[in-house]
Amino acid sequence: MYTKVCRPVMWLVRGDETVLGGEEGQAEFSLELGSFYLSRGCVTNEQFEAFRPGFERHEQSSGDDHPAVGVCFRDAVAYAAWYAELAKKPFRLLTECEWEFAARAMGRKRYPWGDDPSGGVPYAWTRENSGGAPHAVDQVRPSKLGIYGMIGNVWEWTSSLHRPLPVEPDDGRDDLGVVGARVARGGGYDDPVSSLSCGHRLALEEEVSRADLGFRIARSL
């Protein structure tokens, strides 16, 4: 039974019409998002090992509750598909629009905590406070939406192909049958907080695996 498997805690994000983009020369656009669940933190080593018992933990992120890093895009997709089959529910990666909507706590601030980067110390592991390594996924203050660490600690894979904004409904950018660079969001433990934001996008080829790169999962209602 999937309830006996070490699994992520899922958190409800209520859908709404929202404005996204508008940073770093990106187009600003409106989009209506449905409600969805997302994992409150990144998938941890212990959770990933339920899927892949032979997974080798990264030496910099080796604790049970540390994020599973060094996971390429297709392995993240495979974990979500495995968990969906186990739970008989449609788990998947977040789209980049869902990620940004949740990170902004359904608002329009630069960070989950507001517009001032200096306010991020309780909420985010970045170059300023991380000590040069990832930390357990729940060792920061949650956002007002109740989500841990969407800025800093590790970058997070999304399902979205790296294409220009704006996003149009059903434009194919979340088609897993297409191979191409995907969008990672959030930033890592060695990035200065001033270089990050809820809208910052990073293009990574699908085979990339890094010590500062993990993922979280989602489920549509």
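## Contacts, strands and rings in a predicted chain

Residues 24 or more positions apart account for 70% of the contacts in the chain with a separation of 6 or more. A contact here means heavy atoms within 4.5 Å. The model is predicted, so local features need pLDDT of at least 70, side-chain atom pairs count only at pLDDT 80 or more, and totals for chains, interfaces and linings use all residues. Residues are numbered from 1 along each chain as its sequence is written, and side-chain values use heavy atoms, with hydrogens and water left out.

### The whole chain

The chain has three helices and 10 strands. Both are DSSP runs, numbered from the N terminus: helices are H or I, at least four residues, and strands are E, at least two. From the N terminus on, the order is β-β-β-β-α-α-β-α-β-β-β-β-β.

How does the radius of gyration agree with that of a compact globule? With 221 residues, such a globule would have a radius near 17 Å, and the chain has 16 Å, which agrees. The radius is taken over C-alpha atoms, and the globule rule is 2.2 Å times the number of residues to the power 0.38. Along its principal axes, the C-alpha trace spans about 45 × 40 × 30 Å.

Of the 221 residues, 52% count as buried. Buried means under 20% relative accessible area, exposed means over 50%, and partly exposed lies in between, with a 1.4 Å probe and protein chains only.

### Strand β6

Strand β6 covers residues 155–161. Seven of its seven residues are buried, so β6 is largely enclosed by the rest of the structure. In a regular strand the side chains alternate between the two faces of the sheet. In β6, Trp155, Trp157, Ser159 and Leu161 point one way. Glu156, Thr158 and Ser160 point the other way.

β6 has pairing partners; two strands pair if DSSP finds at least two bridges between them. With strand β9 (residues 213–215), β6 pairs in the parallel sense over three bridges. With strand β7 (residues 182–185), β6 pairs in the antiparallel sense over three bridges. Trp157 stands opposite Phe215 in β9. Trp157 also stands opposite Ala184 in β7.

Helix α3 is mostly covered, with eight of its eight residues buried. Among them are Glu96, Trp99 and Phe101. Ala105 follows α3 and has a positive phi, near 55 degrees.

The loop between α3 (96–103) and β6 holds Gly132. At 31% relative accessibility, Gly132 is partly exposed. Gly132 touches Gln60 and Tyr189, not counting residues up to four places away in sequence. Asn153 is 21 residues from Gly132 along the chain, and their C-alpha atoms are separated by 9.6 Å.

### Aromatic rings

A search of the whole structure finds 14 aromatic pairs. Rings of Phe, Tyr and Trp (its six-membered ring) pair if their centres lie within 6.5 Å; planes under 30 degrees apart count as stacked, over 60 as edge-to-face and the rest as tilted. Two of the pairs are in the table.

| Pair | Distance between centres | Angle between planes | Class |
|---|---|---|---|
| Tyr79 and Phe215 | 5.6 Å | 65 degrees | edge-to-face |
| Tyr83 and Phe91 | 4.6 Å | 55 degrees | tilted |

Tyr79 and Phe215 link distant parts of the chain, 136 residues apart. Tyr79 lies in helix α2 (residues 73–87), and Phe215 lies in strand β9.

Arg40 lies over the face of Trp11, at 4.1 Å from the ring centre. The charged end of Arg141 sits over the ring of Tyr123, 5.3 Å from its centre.

### Cysteines

How many disulfides does the structure hold? It holds zero. A disulfide is a pair of cysteine sulfur atoms within 2.5 Å. For Cys6, the closest cysteine sulfur is in Cys42, at 14 Å, too far for a bond. For Cys97, the closest is in Cys198, at 13 Å, also too far for a bond. Cys6 is partly exposed, at 30% relative accessibility. Cys97 is buried, with a relative accessible area of 7%.

Notes. A charge sits over a ring if NZ of Lys or CZ of Arg is within 6 Å of the ring centre and within 35 degrees of the ring normal.
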